Amino acid sequence: MPATIESPEVELLPPMLAALPDPQGVSVCPRRARWQLDLLLLALECVDLHASELMLQVLRDLQLQVMIPNRVVFWQIRCTNPFRQITQRTPLPLAETKALTAVVVQVARRQTAILRHLLLVLDQLQAQNLPPETYAPLAEYLDRFRRHFRKRMNLQRSGLFLYKNNQALNELGLKLLAQLLLCAGTKGMERLWFSLFDGEVS
């Protein structure tokens, strides 16, 4: 079995993470959850060009550096996403999974206004049968999302063939915006946490 990324004892977890229950029968982060968390982080980076630094700031603000002390470890943890070009084959402990969940939620909350605005405009465009690229901020977001996705993910994996198509990738990027807004809302962290394990709990 591959070595697991070192994890602190549960009792050392910050209270906000300790409140997230360990799913029964799940000892490490499932591959689908690693993929989903990395995608949400990627989408946040495409909404806000400074989001990468904000993620590190959130780690400091929430005192999560005991698990993720610096950007190198943060990058290594994100590379446990099995669909990345460069991927770590080490299992991701649930403690670090909870930390990534908290980062997604906290950064999404700080971007609530722009997320809500983009989705509102998107609804208006769809009502008029206009493409999202009609609105410049949405077009810029989707362009960044397509470029970042194709640069970081392994499109040779059969599960990602679909995303060689711009339309499919745009739809994924827009779906992630809606998911991020849900994460930013009341009980967003709990909602995201439980969604990561849908179908994974024995």
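Biologist: Let's start with Q36: does Q36 count as buried or exposed?

Modeller: The general idea is relative accessible area: under 20% is buried, over 50% is exposed, and anything in between is partly exposed, using a 1.4 Å probe and protein chains only. Q36 has a relative accessibility of 18%, so Q36 counts as buried. Before we go on, this is a predicted model, with residues numbered from 1 along each chain as its sequence is written. Local features need a pLDDT of at least 70, side-chain atom pairs count only at pLDDT 80 or more, totals for chains, interfaces and linings use all residues, and side-chain values use heavy atoms, with hydrogens and water left out.

Biologist: Which helix holds Q36, and what does Q36 touch?

Modeller: Q36 belongs to helix α2. Helices (H or I, at least four residues) and strands (E, at least two) are DSSP runs, numbered from the N terminus. A contact means heavy atoms within 4.5 Å. Setting aside residues up to four places away in sequence, Q36 touches L176, Q179 and L196.

Biologist: How do I read the packing of α2 with α8?

Modeller: Two packed helices are described by the angle between their axes and the distance between the axes. The axes are lines fitted to C-alpha atoms, for helices over the stretch in contact, and the angles run from 0 to 180 degrees between N-to-C directions. Here, α2 (residues 31-47) and α8 (residues 166-184) pack at about 95°, with their axes 10 Å apart. That makes α2 roughly perpendicular to α8; the scheme is under 35 degrees for roughly parallel, over 145 for roughly antiparallel, 65 to 115 for roughly perpendicular, and oblique for the rest.

Biologist: Which residues meet there?

Modeller: From α2 come Q36, L39, L40, A43, L44 and V47, and from α8 come L172, L176, L177, Q179 and L180. This contact divides into 9 nonpolar residues, 2 polar and no charged. In that count, Ala, Val, Leu, Ile, Met, Phe, Trp, Tyr, Cys and Pro are nonpolar, Asp, Glu, Lys and Arg are charged, and the others, Gly among them, are polar.

Biologist: How many residues does the largest nonpolar core have?

Modeller: A nonpolar core is a set of buried Ala, Val, Leu, Ile, Met, Phe, Trp, Tyr and Cys residues joined through side-chain atoms within 4.5 Å. The largest one here has 70 residues, and I68, F74, Y141, F145, F149 and L177 have the most contacts inside it. Helices α2, α3 (51-61), α4 (71-78), α5 (94-110), α6, α7, α8 and α9 (188-196) each give at least two residues to this core. The largest share, 11 residues, comes from α2.

Biologist: Is R144 buried or exposed?

Modeller: R144 counts as buried, at 15% relative accessibility. R144 lies in helix α7 (residues 136-152) and touches C46, V47 and L49, not counting residues up to four places away in sequence.

Biologist: What about N81, buried or exposed?

Modeller: N81 is buried, with a relative accessible area of 0%, and N81 sits in the loop between α4 and α5. Beyond its neighbours within four places in sequence, N81 contacts R34, W35, D38, T87 and M153.

Biologist: Which phi values do Q63 and K187 have?

Modeller: Most residues other than glycine have a negative phi. Q63, in the loop between α3 and α4, has a positive phi near 55°. K187, in the loop between α8 and α9, has a positive phi near 60°. Q63 is exposed, with a relative accessible area of 63%, and K187 is exposed too, at 57%.

Biologist: Where is the model's confidence lowest and highest?

Modeller: pLDDT is the predictor's confidence in each residue, from 0 to 100. The protein chain averages 91, and 92% of the residues score at least 70. Confidence is lowest in helix α1 (residues 15-18), at a mean of 84, and highest in helix α6 (residues 112-127), at 98.
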